[in-house]
Amino acid sequence: MPFHKHRATLESLRNMLDEIRNPTPEQKMLRTGLACLIENPRSYACVNTNNPFVKEFFAAVPEADNSHESCFSVFECLAIIFREKALRDPQSMLKEEKAVLEYFENSGNWSQEEPTIATTWYWDRLPLQVLREGGSPPWH
């Protein structure tokens with residue numbers, strides 16, 4: 001499921017997000033992240049397409065609308081995709097991708113202390129998986 005095969009679908013959602021007059025922070029961050037995926041799809045070759053959040057992302061994007069609720073769940077998947085890229089290939093991270101991760105970590109919407117499926121994957125499960133597979137330590 002290479003990212004470049006989904007360009008049209010990603011562009012469609014990005015275009016919907018462009019139409020929002022007063023986007024939420026998550027809608028803004030999602031739009032920024034979608035632009036990264038569209039413009040640099042091959043840089044995500046290090047991301048494991050068996051990651052359930054990658055599968056959920058590609059299932060959700062075609063069905064997504066520009067509502068906050070829809071964008072919020074797609075944004076969570078996007079943040080986990082970027083987190084995996086950061087763990088596997090930190091030198092390749094773009095400033096926009098880093099901004100998405102910074103928002104996820106510091107907005108107050110997600111916390112290690114209040115575990116959800118997304119936060120458990122982001123902070124615990126994904127770093128351990130990458131480390132077991134020979135990736136960079138999550139603390140580097």
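Me: At what angle do helix α2 and helix α5 pack, and how far apart are their axes?

Reply: Two packed helices are described by the angle between their axes and the distance between the axes. In this predicted model, α2 (residues 25-39) and α5 (residues 95-106) pack at about 150°, with axes 9 Å apart. That makes α2 roughly antiparallel to α5 (angles over 145 degrees count as roughly antiparallel). Axes are lines fitted to C-alpha atoms over the stretch in contact, and angles run from 0 to 180 degrees between N-to-C directions. Helices are DSSP runs (H or I, at least four residues) numbered from the N terminus.

Reply: As to conventions, the model is predicted, local features need pLDDT of at least 70, side-chain atom pairs count only at pLDDT 80 or more, and totals for chains, interfaces and linings use all residues. Residues are numbered from 1 along each chain as its sequence is written, and side-chain values use heavy atoms, with hydrogens and water left out.

Me: Which residues of α2 and α5 make the contact?

Reply: From α2 come Pro-25, Glu-26, Met-29, Thr-32, Gly-33 and Cys-36, and from α5 come Glu-96, Glu-97, Ala-99, Val-100 and Tyr-103; contact means heavy atoms within 4.5 Å. This α2 and α5 contact divides into 6 nonpolar, 2 polar and 3 charged residues (Ala, Val, Leu, Ile, Met, Phe, Trp, Tyr, Cys and Pro count as nonpolar, Asp, Glu, Lys and Arg as charged, the others, Gly among them, as polar).

Me: How do the axes of α1 and α2 cross?

Reply: The axes of α1 and α2 come within 9 Å and cross at roughly 150°. That makes α1 roughly antiparallel to α2. The contact of α1 with α2 divides into 8 nonpolar, 1 polar and 6 charged residues.

Me: Why do the buried residues of α3 line one face of the helix?

Reply: An α-helix has 3.6 residues a turn, so residues three or four places apart point the same way. In α3 (residues 52-60), Phe-53, Val-54, Phe-57, Phe-58 and Ala-60 are buried. Seen down the axis of α3, these buried residues fall within an arc of 165°, so they line one face; the arc is that of the directions from the helix axis to the C-beta atoms. Their cover includes α1 (7-18), α2, α4 (68-88) and α6 (117-132).

Me: Is Phe-58 buried or exposed?

Reply: Phe-58 is buried, with a relative accessible area of 9% (buried means under 20%, exposed over 50%, partly exposed in between, with a 1.4 Å probe and protein chains only). Glu-102, found in α5, is partly exposed at 48%.

Note on methods
Helix = DSSP H or I, 4+ residues; strand = E, 2+ residues; numbered from the N terminus. Parallel < 35°, antiparallel > 145°, perpendicular 65-115°, else oblique.
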